[in-house]
Amino acid sequence: MPIHTLDNNYWVLETDHTAYALGVNTAGALVHAYWGERLPAPTDYPAAPDAIFHASFTGAGHMWPEEYAGLTGLKYVEPALSVSFADGVRDLVLQVVGGAVAGDTLVVTLRDAHYPLRVELHYRAYAAHDLIERWAVVHNDGAPITLERVFSAQWQMPIGRSYRLSYLSGRWIDEFQLHRQPLSPGVFVRESRRITSSHHASPWFALDDHASETHGEVWFGALAWSGNWKLAAEVTDFGRTRVSLGLNDWDFAWRLGAGERFTTPACLGGYTRDGFGAASRRLHAYVRDNVLPHGRRPHKVLYNSWEATTFSVDVESQSKLAELAAEMGAELFVMDDGWFQGRTSDDAGLGDWWPDPKKFPDGLTPLISRVNALGMDFGLWLEPEMVNPNSDLYRAHPDWVIHFATRARTESRNQLILNLARVDVQDYLITAIDALLSDHNITFIKWDMNRNVSEPGWPGAGDRQREIWVRYVEGLYRVWGTLRERHPNVVWQSCSGGGGRADLGILRLADQVWVSDNTDALSRLQIQHGYSQMLPADTMEAWVTDINAGRISLDFRFHVAMQGVLGVGGNLLHWSPAERAKAARFVAQYKEIRPIVQHGEVYRLIGPNDGSPYVVTQYVGEDRREAVIFAFRRIGGGADAMLDGYHAIDPSQPAAIQLQGLDPAARYKITGQGAVRSGLAWMRAGLTIALGHQESKILRVRQVA
Ligand code: GLA
């Protein structure tokens, strides 16, 4: 039984190695008691904390580590929930009704002291993954109220320690940059106001006080939501640290009528004593087992024609590329932008999702048949949420876009956003894309979204205008979810100009993410490092392209991309026969190691920010019999640059690299290392990998009998 109830007012959720405890304190508040290593007995956990009186300026409620704070009283911390009642009262007094356990889920119900408002806090324990999933359901049984903030969870840290927050931030072509920053008194906010989860910040966090990649306590979490979100990391003046995470309350308001309820997105949280690496691996396993629609199904090596042909697509240009892609060993050929009605550049066509008769007079079938005859699956690019004013769809339905009636509609990349909060818009998209998928043998869709919101109006929605932030995303989930149900074998990729929508919400629909439009291999090392903090390699689509091909070798570019789901996006027509032959060898090698990379466990042995010119990552297969090491050396500065060609005496040679995750007693052989040694030896004595400037290597690690 993973959940224990003590005295009807204290609960312990246990996972294989961790525990999370909460209870009712003497003042009747639901407070957090413990989050850490699992202890031997349910009675080992500390009592629900009370508060000592401080001064007339601050109430006890300010001091409590509340599980889900309402906005009320002498309490000035970040609330989880704030509402405005029908009579204008904006004070929320939540009292505990009780808790109920069903299987792996605990539900604690709170009720307002006066109004018929109930809040159910849901906690689900994922025992094997050592994770807790939390969400809240707000029920209104009285006159209509307005929800002004409704977070998914507040995560309380052990009191009195100084924490560091790890988070991901970035921008287009520079996503998933990892930052670690000490928290000090006040509130540090990361958020999205862009209607997608965004390139700029990711709904993920990790907190530690002195952890490393391999050691130390880390508390971490992620929100399953693909729209506006907010993370508030708060340190109080009384030594409490908490992270609140949920829907962004910026410009948000939700009318909750009598008898209605509101369910927040789920927020996941976990604890480990084994550093940031273990935290990532827990999330990865959870995503593979519980989030991804196709679970651990292997992903195919794709070729995408975008960088080769951009908008100039037709049967001939694509067939030529498809032949070369097939020779190289690609298993999936994806035609990107440019194929649909009126699409000759980025200023027309979005919304009209049928093949352009000028480019494809006989439709897409001749090309798809050609691709299939070459032994490859066929995939297609779509940008369903968007419309160009220069399109039949917009001419027919100018009111379908997000806009304010009296304001200019700001275009970006010449496009506007369809208002997916509207059911008629959702239905149009379902019908159009369903027809495309029903009429063609298409097994892969790259779902793009190339701008962020402006003028977030929804004329016709009356006093529900500000619900657009949530209803848009729910509409998107409905469209995508319906298409998934109707076409269960299609593999979907989430792209938003690269990694603008990568989160645990979209991965219930998408099987993978186009991580960045930046395909420079050196930049990718950094981007992939950040991405791997949160999401697993089998969701990380990575292409080899021609970007900076003059200064980064094909080997290096392949090695970088082989750390995720390998794709090729370079212009094969410009590759020499020797390059194409080499590419074919890499694709064949990737297919051999694919199960280890896509479904193994990742160990970041040397990260790009560790002060070394080396970046080394290890993937260990599920049964630990095999591993793959990817080692890169970037160009260093100073002495490093002077020593070009003399790396044998280069002072920045890596220290012995200690492998991880092997079976300590088993014996392993490693490419290029003569000796057969125990797993423990490779993990403690390690090995050195000598590389010249901007060289890279793949080393296979295999158990020997
Ligand atoms: C976005 C994507 C690219 C490509 C173009 C097509 O920028 O991220 O990969 O699909 O759109 O217009």
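These legends go with close-up views of a predicted model.

**View 1. The residues around the ligand.**

**View 2. Polar side chains at the ligand's oxygen atoms.** Asp-517 has a side-chain N or O atom 2.4 Å from an oxygen atom of the ligand. For Arg-413, a polar side-chain atom sits 2.9 Å from a ligand oxygen atom, and for Asp-448 the distance from a polar side-chain atom to an oxygen atom of the ligand is 3.0 Å. As for how covered the ligand is, the protein buries 94% of the 310 Å² that the ligand exposes when taken alone.

View 3. The ligand takes up the second largest pocket.

**View 4. Where domain 2 meets domain 3.** The protein splits into domain 1 (3–291), domain 2 (302–599) and domain 3 (606–704). Going by C-alpha atoms, the centres of domain 2 and domain 3 are 35 Å apart. Their contact draws on 19 residues from domain 2 and 22 residues from domain 3.

Note on methods. Residues are numbered from 1 along each chain as its sequence is written. This is a predicted model: local features need pLDDT of at least 70, side-chain atom pairs count only at pLDDT 80 or more; totals for chains, interfaces and linings use all residues. Side-chain values use heavy atoms; hydrogens and water are left out. A polar contact is a pair of N or O atoms within 3.5 Å; within protein, one must be able to donate a hydrogen and the other to accept it, and residues adjacent in sequence count only if both atoms are side-chain atoms. Accessible areas come from the Shrake-Rupley method with a 1.4 Å probe; for residues, only the protein chains shown count as cover. On a 1 Å grid over the protein atoms alone, a cavity is a set of points where a 1.4 Å probe fits but cannot get out, and a pocket is an open set with protein on both sides within 12 Å along at least five of seven lines; lining residues have an atom within 4 Å of a point. A molecule sits in a cavity or pocket if more than half of its atoms lie within 2 Å of its grid points. Domain bounds come from an automatic or database domain assignment. Contact means heavy atoms within 4.5 Å.
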